[in-house]
Amino acid sequence: MANHGLFIGINQYKRLKPLKCAKQDAVEMARYCRDEINFEEVFLFTDDSDPITAPNGSQQETKPTYTNLMAFLHDFFESQRLETGDNFWFFFSGHGLRHQGQDYLVPSEGHPTLIEQTTISLNYVTQRLRRCGADNIILFLDACRNENDFSNKSVGWQKQQGVITIASCSPTEESYEIPELQQGSFTYSLLEALRIQGENNCATVERLCNRLRERIPEINRQYNKPPQTPHSTVEPNYKNHLILLPK
């Protein structure tokens with residue numbers, strides 16, 4: 001079994017309110033997966049991340065623009081690269097929105113009124129990821145940030161067939177950053193939970209989700225933020241018992 005991951009964190013938006021902690025969220029998640037649990041591949045897209053090597057050998061920029069993200073999703077998932085038993089983690093920290101019943105992730109130059117032309121639908125992301133050949137696709141979505149322009153476009157996070165989705169907030173809520181922690185409360189709690197050792201570990205999807213549902217509201221209360229309840233959908237249901245961290 002091998003583990004692979006794509007980690008995206010966007011602070012700087014051209015047409016939306018900038019974020020303070022999204023880049024750090026992605027950096028810390030990528031560092032954890034690369035250095036602590038030894039992922040075979042870690043791809044990082046942030047405001048100033050280094051280029052990566054594309055399948056054709058060329059250097060691909062990783063600034064999280066629409067073009068760069070779409071190019072990665074097309075090029076790296078055009079053929080089956082992984083094997084039965086492998087896991088692929090997709091992590092996104094940034095702005096998200098809902099439009100005409102669909103959920104969208106907003107790249108750095110995303111336009112709030114040109115949604116279909118400048119943002120990326122979650123359905124498209126999962127369609128591409130499922131082509132990679134991995135048995136288990138896990139989406140971690142620290143999106144739908146506290147952005148007034150999107151107050152009437154709350155992300156709903158519709159169920160993605162064959163995919164585990166763990167989102168930072170429920171459809172009627174916002175996702176909050178904690179400047180004192182230099183991270184969003186979701187990502188901070190996620191890393192905290194993944195690092196728990198011993199009998200109280202969060203190695204399975206179900207145990208991880210239960211821990212997040214307890215811990216994130218605690219952190220928000222501690223730092224005087226409104227309520228925020230993580231939301232998960234697991235398809236198929238038996239993957240609630242999937243072991244995320246075998247070691």
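Start with helix α6. Its buried residues are Val205, Leu208, Cys209, Leu212, Arg215, Ile216, Pro217, Ile219 and Asn220. Buried here means under 20% relative accessible area, with a 1.4 Å probe and protein chains only. Helices are DSSP runs of H or I, at least four residues; strands are E, at least two; both are numbered from the N terminus.

Some ground rules. This is a predicted model, where local features need pLDDT of at least 70 and side-chain atom pairs count only at pLDDT 80 or more, while totals for chains, interfaces and linings use all residues. Residues are numbered from 1 along each chain as its sequence is written, and side-chain values use heavy atoms, with hydrogens and water left out.

Back to α6. What do its buried residues pack against? They pack against β9 (136–142), β10 (164–167), β11 (177–178), α5 and β13 (231–234). Contact means heavy atoms within 4.5 Å. Now the length. Helix α6 has 18 residues, 205–222, and at 1.5 Å a residue they should span 26 Å. That expected span is 1.5 Å times one less than the number of residues. The end C-alpha atoms are 26 Å apart, which agrees. Just after α6, Asn224 takes a positive phi of about 60°.

Next, helix pairs. Two packed helices are described by the angle between their axes and the distance between the axes. Axes are lines fitted to C-alpha atoms, for helices over the stretch in contact, and angles run from 0 to 180 degrees between N-to-C directions.

First pair: α1 (residues 22–36) and α5 (residues 185–194). Their axes come within 10 Å and cross at roughly 15°. That makes α1 roughly parallel to α5, the label for angles under 35 degrees. The crossing is left-handed: the near helix is turned anticlockwise from the far one by less than a right angle. From α1, Asp25, Glu28, Met29 and Tyr32 meet Thr187, Leu190, Leu191 and Leu194 of α5.

The crossing of α2 and α4 is left-handed. Met70, Leu73 and His74 in α2 meet Tyr124, Val125, Arg128 and Leu129 in α4.

Last stop: Thr46. It sits in the loop between β2 (41–45) and β3 (52–53). Is Thr46 buried or exposed? Buried, with a relative accessible area of 1%. Leaving out residues up to four places away in sequence, Thr46 touches Gly9, Lys23, Ala26, Val27, Thr62, Lys63 and Pro64.

Notes
Angles under 35 degrees count as roughly parallel, over 145 as roughly antiparallel, 65 to 115 as roughly perpendicular and the rest as oblique. Buried means under 20% relative accessible area, exposed over 50%, partly exposed in between (1.4 Å probe, protein chains only).
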